[in-house]
Amino acid sequence: MSLLSRLRLVTVDVTGTLIAYRGQLGDYYCTAARSAGLPCPGYARMHQAFKAAYADMTAKHPCFGHASRMPDHRWWRTCVRDSFLRAGHEYDDATFERIFGQIYAAFGSPAPYSVFPDARPFLRWLRGEGIMAGVVTNADCRYRDVVLPALGLNQGSEWDFGVFSGVAGVEKPDRRIYEMALEAAGGVAPEEALHIGDSMSKDYAPARAVGMHALLLDRFGTADAERWRRSGAVVLPDLVSAREWLIRDPPAAHGGTDNAWAEE
């Protein structure tokens, strides 16, 4: 019996699973600064500064400020300003607002993203098989309201429901975000659900901890993929392979082992 025949729900991560960034995040920050006629550090330096600023903001105000009732616009303004400061650039308020406005608008649009060509067919195939498709992602409401629809990934045709951390108030790797997904699907049992993502610590581990099936995508040839496989995880290159794996009879191991989720 194939795994597909035993599933009622498949949840999917978004960035790295359904969509990808066009270029690096640092590119957009530097472009915004230069469009204002101002210098910007190198793209790589800007990207590393953003990663540090984002991690700090996530620790202080998780879920894009949900718990502290910080508007996501303010959350991102603080994160972006700190990113530039960490990269060695400080701008006066008026100049920064111009730069930030361009960055915030860009990432609230489809411009910085591309959809993997197998994403839409895979989601539609699932729903055509009578399986619910849910989105589980660490993102604010703009993913739900603007970005995904603008990219042609629509609720009702590609996915049935979404759990967005900035709206739900829970973010990966907290297992509760997966429990919320099971509840949103109508109380689906964990053993009747599969999660697909690209992070061991944020996707595979917490989904398995809840009791869901899980698999990882390695779209970019990450150096960690072989370690993931050795730990017992199913690691596939794309959603075409995921579809083939789901209909295989019997499927390969899909549970993994407990030591699979200790590290990303």
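User: In this predicted model, is Lys-172 buried or exposed?

Analyst: Relative accessibility is judged against a cut-off, and buried means under 20%. Lys-172 counts as buried because its relative accessibility is 6%. Lys-172 is found in the loop between H8 and helix H9 (176-184).

User: Which residues does Lys-172 touch, apart from those up to four places away in sequence?

Analyst: With that exclusion, the residues that Lys-172 touches include Asp-13, Val-136, Tyr-178, His-195 and Asp-203. A polar atom of the Lys-172 side chain lies 3.0 Å from the backbone oxygen of Val-136, and the side chains of Lys-172 and Asp-203 make a polar contact at 2.7 Å.

User: How many salt bridges does the rule count, and where do Arg-86 and Asp-56 lie?

Analyst: The count comes to 17 salt bridges. One of them joins the side chains of Arg-86 and Asp-56, at 3.8 Å from N to O. Arg-86 lies in helix H4 (residues 72-86) and Asp-56 in helix H2 (residues 43-60), so this pair ties together parts that are 30 residues apart in sequence. Arg-86 is partly exposed, with a relative accessible area of 41%, and Asp-56 counts as partly exposed at 24% relative accessibility.

User: What does the pair of Asp-93 and Arg-81 link?

Analyst: The closest N and O atoms of the salt bridge between Asp-93 and Arg-81 are 3.3 Å apart. This pair links distant parts of the chain, with Asp-93 in helix H5 (residues 93-107) and Arg-81 in helix H4, 12 residues apart. Asp-93 counts as exposed at 54% relative accessibility, and Arg-81 counts as partly exposed at 26%. Salt bridges that share partners also join Asp-56, Lys-60, Asp-82 and Arg-86 into one network.

User: How is an interface described, and what area is buried between domain 1 and domain 2?

Analyst: The size of an interface is often given as the accessible area lost when the parts come together. The chain is divided into domain 1 (3-20 + 113-247) and domain 2 (23-108). The contact takes 14 residues from domain 1 and 10 residues from domain 2. The area buried between domain 1 and domain 2 is about 1000 Å², of which carbon and sulfur atoms give 54%. In domain 1, Tyr-113, Arg-142 and Glu-171 lose the most area to domain 2, together 51% of what that side buries.

User: How many salt bridges and polar contact pairs lie between domain 1 and domain 2?

Analyst: Between domain 1 and domain 2 the count is zero salt bridges, while five residue pairs are found in polar contact across the interface. Helix H7 (141-150) and helix H8 (165-168) are the elements that give two or more residues to the side of domain 1 that touches domain 2. The largest share of that side, four residues, comes from H8. By class, the side of domain 1 that touches domain 2 has seven nonpolar, four polar and three charged residues.

Key: Residues are numbered from 1 along each chain as its sequence is written. This is a predicted model: local features need pLDDT of at least 70, side-chain atom pairs count only at pLDDT 80 or more; totals for chains, interfaces and linings use all residues. Side-chain values use heavy atoms; hydrogens and water are left out. Domain bounds come from an automatic or database domain assignment. Contact means heavy atoms within 4.5 Å. Buried area is the accessible area (1.4 Å probe) that two parts lose on being put together, summed over both. A salt bridge is a side-chain nitrogen of Lys or Arg within 4 Å of a carboxyl oxygen of Asp or Glu. A polar contact is a pair of N or O atoms within 3.5 Å; within protein, one must be able to donate a hydrogen and the other to accept it, and residues adjacent in sequence count only if both atoms are side-chain atoms. Ala, Val, Leu, Ile, Met, Phe, Trp, Tyr, Cys and Pro count as nonpolar, Asp, Glu, Lys and Arg as charged, and the others, Gly among them, as polar. Buried means under 20% relative accessible area, exposed over 50%, partly exposed in between (1.4 Å probe, protein chains only).
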